[in-house]
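User: I'm new to this one and would like a quick tour. Can you walk me through it?

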Amino acid sequence: MRTPTDNLSDGPSVELGRDQPVFGPELGEFDQSEQRAAAGGEGEGMKTGTTTVGIKTADGVVLATDMRASLGGMVSSKDVQKVEEVHPRGALTIAGSVSPAQNLISTLRAETSLYEARRGKDMSMEALSTLTGNLLRSGAFFVVSPILGGVDDEGSHIYSIDPLGGTTEEEYTVTGSGSQYALGVLEQEYDDGVTIDEAKTIAAKAIQSAVERDLASGNGINVAVVTDDGVDITRYKDFDGLL
């Protein structure tokens, strides 16, 4: 039998586009995803004008955000909800670009509903955090820095997820341009035995501290309480009812 001497990877298959994976694109294979991911480490870094906080308790989690949306140096909205339910017992805060954040929330809601329909049970928080990280890692939802919080059969969970998909489970965490101010409050106020009501007060103090110093944070606070009973989101235009 004659030994082929040509490179079989060239020729008609290249012209027909057969050099691409048959079952692609997989996560991480979206067009220009590597270039988008690399952009996250260049220049002045990512601008995520907001403050969001996540706190874990024995009975559930508390997620809180401010209500200001900024466009450069301008306040583009004073009444934005930056925490949304994405799971029967889970919620996500958003910091970063609005369009990909909205798309991420819609995708997570669809995926958790499909999971429940196919398997007859809710997705675990660990699985949901992995899914969220994979979606961000794909490059399709670039410039979003969320906090994921929820409750499952294993207990309460708070996950810090960076814009490139890195996921870390925490007792408490922050994102956004006001992070440094909020984190100082959490460091002082948090302890392992904190209750949900105490966590709401701590979260409000953290957001208020950021609002006082960060120009991109302000105009009130959204608070989500996630327990076995579900997700309850309340909006406050001032902090008096929480402090």
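**Helices, sheet and pocket**

User: Which strands does helix α4 lie across, and at what angle does it run to β7?

Analyst: Keep in mind that this is a predicted model. Helix α4, residues 125-137, lies across β5, β6, β7, β8 and β9. Its direction relative to β7 is about 155°.

User: What is the order of the strands in the open sheet, and which are the edge strands?

Analyst: The open sheet has five strands with antiparallel pairing, in the order β5-β6-β7-β8-β9. On average, neighbouring strands are turned by 25° against each other, direction ignored. Two strands pair on one side only, and these edge strands are β5 (83-87) and β9 (167-170).

User: How many bridges join β7 to β8, and what is the bridge partner of Val151?

Analyst: Strands β7 (residues 147-152) and β8 (residues 155-161) run antiparallel, and six bridges join them. For Val151, the partner in β8 is Ser156.

User: Where does α3 lie, and at what angle does it run to β5?

Analyst: Look at β5 and β6 (90-93): α3 lies across both. Relative to β5, α3 runs at about 25°.

User: What lines the largest pocket, and which element supplies the largest share of the lining?

Analyst: The largest pocket has a volume of about 680 Å³. Of its 28 lining residues, Gly49, Ala69, Ser70, Gly96 and Val98 are the closest to the centre. By class, the lining has 11 nonpolar, 12 polar and five charged residues. β3 (69-71), β4 (74-77) and α3 (98-119) each supply at least two residues, and the largest share, five residues, comes from α3.

Key. Residues are numbered from 1 along each chain as its sequence is written. This is a predicted model: local features need pLDDT of at least 70, side-chain atom pairs count only at pLDDT 80 or more; totals for chains, interfaces and linings use all residues. Side-chain values use heavy atoms; hydrogens and water are left out. On a 1 Å grid over the protein atoms alone, a cavity is a set of points where a 1.4 Å probe fits but cannot get out, and a pocket is an open set with protein on both sides within 12 Å along at least five of seven lines; lining residues have an atom within 4 Å of a point. Grid points are joined across faces, edges and corners, and a volume is the space filled by probe spheres set on the points. Helices (H or I, at least four residues) and strands (E, at least two) are DSSP runs, numbered from the N terminus. Ala, Val, Leu, Ile, Met, Phe, Trp, Tyr, Cys and Pro count as nonpolar, Asp, Glu, Lys and Arg as charged, and the others, Gly among them, as polar. Two strands pair if DSSP finds at least two bridges between them. Axes are lines fitted to C-alpha atoms, for helices over the stretch in contact, and angles run from 0 to 180 degrees between N-to-C directions. Contact means heavy atoms within 4.5 Å.
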